[in-house]
Amino acid sequence: MSQQHVTRGGKMARLELHSHEGAKTSAVDDAVMLENLGGLAGGLEFLLAEIDRLRVAVRQREAELATHIPVVAHPAVDHLADRLEAALASAVEVTGATAAGLYVLDDATSELKLRAGHNLPESRLLDPPRSLEGSLADLEALSGNAVVLEDTMLLPHWPCPEDVPSAVCIPVATSTTPLGTLWIFAEESRDFSDRETNLLEIIAGKLAVDLERDQLIAERRTTQKLARQKNQIADRQKAQLPNVKPLVEGWDVSAWTQQGNEMGGDFHDWAVIEDGKLAIFVGDAMDDNFDAVMTSTSLATAVKANCRIAHTAEVMLDRVNRTFWAASAGDHFASLAYAIFDPMLGTMEAGSCGHVQGFAFKQNSVRPLWNNSWPLGSGPEVEPELATAMLQPGEVMALLSSGLIETLRELDGKNWQAKFCDLVVRHLDLPSDRILRSVQERLNRAALSISLDKTLVFVKRKEDN
């Protein structure tokens, strides 16, 4: 037999055929027959090797499924199947029994499946799970009591998984969670002493520790992978924020976005559109975690796709809402403020849907630009809040996301708006980045109990030289 299909660790075999006594053969016939038998032997060899490989794979997968682990946690450490079978072998040895099996509960706690065995036919791993309903011995064991069946023939209402004269069922559980049952089978009618059942309970405890250990390892690896993904998403969000000020003569723009957690739903951006006008927008996804990231990404994409044409703020918000509404299942909402500045005339036209607030800081006054309105995604059509203003040199417009407003409200209570505006007015003669820094410093000095997504944008018309 050739070595071509023998798997690592596989078994070698020999195929022998013996002719009947007195049978007549010729050299030619023998050559043809040997050639045909060579092909047959090679096919059998491949088939046996595949069966061997599949048995090993089934054995490992059954052990992994006992803790819902999709892959081996640490290949360098003995496989879980080896550890489980070693514990079952110890249980058989200390009791003088014949075989043992570990049956694990499914997620619904309705069925028991053999996940590891010792001295049981390998085909048992392919058998369908047993229903917990009607399995009185397993039910009694899962309640915390060892069940000894001295003569299974006399106790047909206590069904035994194997057709053997005697068996014992031991619970396998952690301090808080039942995991399954350990069955020990004997080929003769016999009793199991208290010492033997105590030893079996110790072994069942080790089985529970092995199952829980591998489950915790898998959960830790999943948690670490999720943390890495969150960090990657957070880095990608930061990278997508603009880091170069718009090159529009006579205008000074500064912006800051900080997510409350690793990732969030706030963003800001700007673009120079037709006729050299400056477009500024602030978005605020009204979701959490991954939903917020997906919502803000789709919203930012919709704005970018539509802002190259100098639409009015009202048309822009309507177009973005239609795109956002068509792509949403109806359960995601977002706030958006969009403002267009004419560098030559100093005019500003803006609109808002949702809870992004805007202020215009004039030489002798401060006024809110709009009230809260229905957010994007609340319907196929929206009625945005609109505002216009003429900014003289040295005057400023500010945009605040809802998370920043809530943070300021926690800091200053009902007077947050007056205190914020007073802080900006006191620094109005400074560049926009210095005004922004004064707000950041005040937030950093405060001991706040909430951590929300925050965005703040200042647009200042520069003083004439």
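This is a predicted model: local features need pLDDT of at least 70, side-chain atom pairs count only at pLDDT 80 or more; totals for chains, interfaces and linings use all residues.
**Cysteines**

I began by searching the whole structure for disulfides (pairs of cysteine sulfur atoms within 2.5 Å), and the search found zero. Residues are numbered from 1 along each chain as its sequence is written, and side-chain values use heavy atoms, with hydrogens and water left out.

I found C160 in the loop between strand 4 (147–149) and strand 5 (166–173). Strands here are DSSP runs of E with at least two residues, helices are runs of H or I with at least four, and both are numbered from the N terminus. Leaving out residues up to four places away in sequence, C160 touches L149, T152, A167, W183 and F185; contact means heavy atoms within 4.5 Å. I also looked up D138, 22 residues from C160 along the chain, and the two C-alpha atoms are 9.2 Å apart.

Is C353 buried or exposed? C353 is at 0% relative accessibility, so it counts as buried. The classes, with a 1.4 Å probe and protein chains only, are buried under 20% relative accessible area, exposed over 50% and partly exposed in between.

**A proline in a loop**

Next I visited P380, in the loop between strand 13 (366–368) and strand 14 (385–390). P380 is partly exposed, with a relative accessible area of 44%. Beyond its neighbours within four places in sequence, P380 contacts N321, R322 and W325. R322 is 58 residues from P380 along the chain, yet their C-alpha atoms are separated by 5.9 Å.

**Two helices**

I then turned to helix 7 (residues 402–412) and helix 8 (residues 416–426), which pack at about 100° with axes 8 Å apart. Axes are lines fitted to C-alpha atoms over the stretch in contact, and angles run from 0 to 180 degrees between N-to-C directions. The two helices are therefore roughly perpendicular, a label for 65 to 115 degrees. Helix 7 brings I405, L408, R409 and D412 to the contact, and helix 8 brings W416, K419 and F420.

**Whole chain**

Of its 465 residues, 43% are buried. Among contacts with a separation of 6 or more, 64% join residues 24 or more positions apart.

Methods. Angles under 35 degrees count as roughly parallel, over 145 as roughly antiparallel, 65 to 115 as roughly perpendicular and the rest as oblique.
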